Amino acid sequence: MQRFRAIAVIAVLALAGQAAAGTYRVQRGDTLSRIARKHGTTVQALTAANSLANPHRIFEDQVLNLGGSAPAATTKGAPALSTKQVVVGNGERRHTVAKGQNLASIAKRYGTTSAAIAKANGLKSAHKIRVGQTLTIPGAAADWLCPVQGSRVDFSDSWTAPRPGGRRHMGTDLFAFKGTAVVAPVSGRLVHRQGSIAGLAFYLYGDDGNVYYGAHLDAYQSKPGRIERGGRIGTVGDSGNAKGSTPHLHLEIHLGGNEPINPYPTAKRWC
């Protein structure tokens, strides 16, 4: 099988000067890079000022703090990313406790009981869980599907590889022929996103409790909303800042909907 070579084409726009003071309400079609250019700051400055876990993930009507002066683009001081070697879809589901949640509401979401979750996690009391705690949800999950369903898929472990502006690569790039099917690895709720960097992108809020992010699609093939495992999300492309590079799906996995983890072990297991 012919191996693909990953060609990184990255356009960097360096902006100097002081960021505008105050706040900004996100409009339809906005991206963080567009907002940064408009207000004389940088993506990394906005990311830091708003404690954004993912600079690609902003929402219409979200109010952003424009912060102070924009830091110079550098790879020094990039935030540390998890080194956990987690394989998603191995029969376990995980959930990160969010503010306002209790064991009863979490159990209802996954179709289990508070007692079963407490037992699976060795909890002495079902009432003592904390925000940010990761819980193992009992019950076997369906096998995970490789999101790129082609005869030729190539990828390597590029987790934490440096990117412009002090960023690190938060995903795995799955290279395939343009037009190859991109499918839902698990059932869940599909949300479309578009931006100058990501191009045609999506979030999949999986029934397994994880959030999946994909970018650089050539086209969408499903409307936002409920999608079942194996349902067609779109096709592999080179949209956004990947234009002209080898077509691929940039894949991120956020464990429990929160912490980003290296997708490579999961891709290696299922792709």
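Start by selecting L32, which lies in helix α1 (residues 32-38). Helices (H or I, at least four residues) and strands (E, at least two) are DSSP runs, numbered from the N terminus. This is a predicted model, in which local features need pLDDT of at least 70 and side-chain atom pairs count only at pLDDT 80 or more, while totals for chains, interfaces and linings use all residues. Residues are numbered from 1 along each chain as its sequence is written, and side-chain values use heavy atoms, with hydrogens and water left out.

L32 has a relative accessible area of 3%, so it is buried. Buried means under 20% relative accessible area, exposed over 50%, partly exposed in between (1.4 Å probe, protein chains only).

**Next stop: H95.** Find H95 in strand β3 (residues 93-96). H95 counts as buried because its relative accessibility is 2%. Show the side chain of Q101 too: a polar contact of 2.7 Å links it to the side chain of H95. A polar contact is a pair of N or O atoms within 3.5 Å; within protein, one must be able to donate a hydrogen and the other to accept it, and residues adjacent in sequence count only if both atoms are side-chain atoms. Beyond four places in sequence, the contacts (heavy atoms within 4.5 Å) of H95 include I106, Y110, T134 and G256.

**Helix α3.** Select residues 103-110; the buried ones are L103, I106, A107 and Y110. Look down the axis: these residues fall within an arc of 100 degrees, so they line one face of the helix. The arc is that of the directions from the helix axis to the C-beta atoms. Their cover includes β3, α4 (114-120) and β4 (134-137). At the N-terminal end, N102 is the cap, with a side-chain oxygen 3.1 Å from the backbone nitrogen of A104. Just after α3, G111 has a positive phi of about 70 degrees.

**Last stop: the cores.** A nonpolar core is a set of buried Ala, Val, Leu, Ile, Met, Phe, Trp, Tyr and Cys residues joined through side-chain atoms within 4.5 Å. The largest has 27 residues, and W144, L174, F202 and I233 have the most contacts inside it. β14 gives the most to this core, with four residues. A second, separate core has 11 residues, including L103, I106, L123 and I129.
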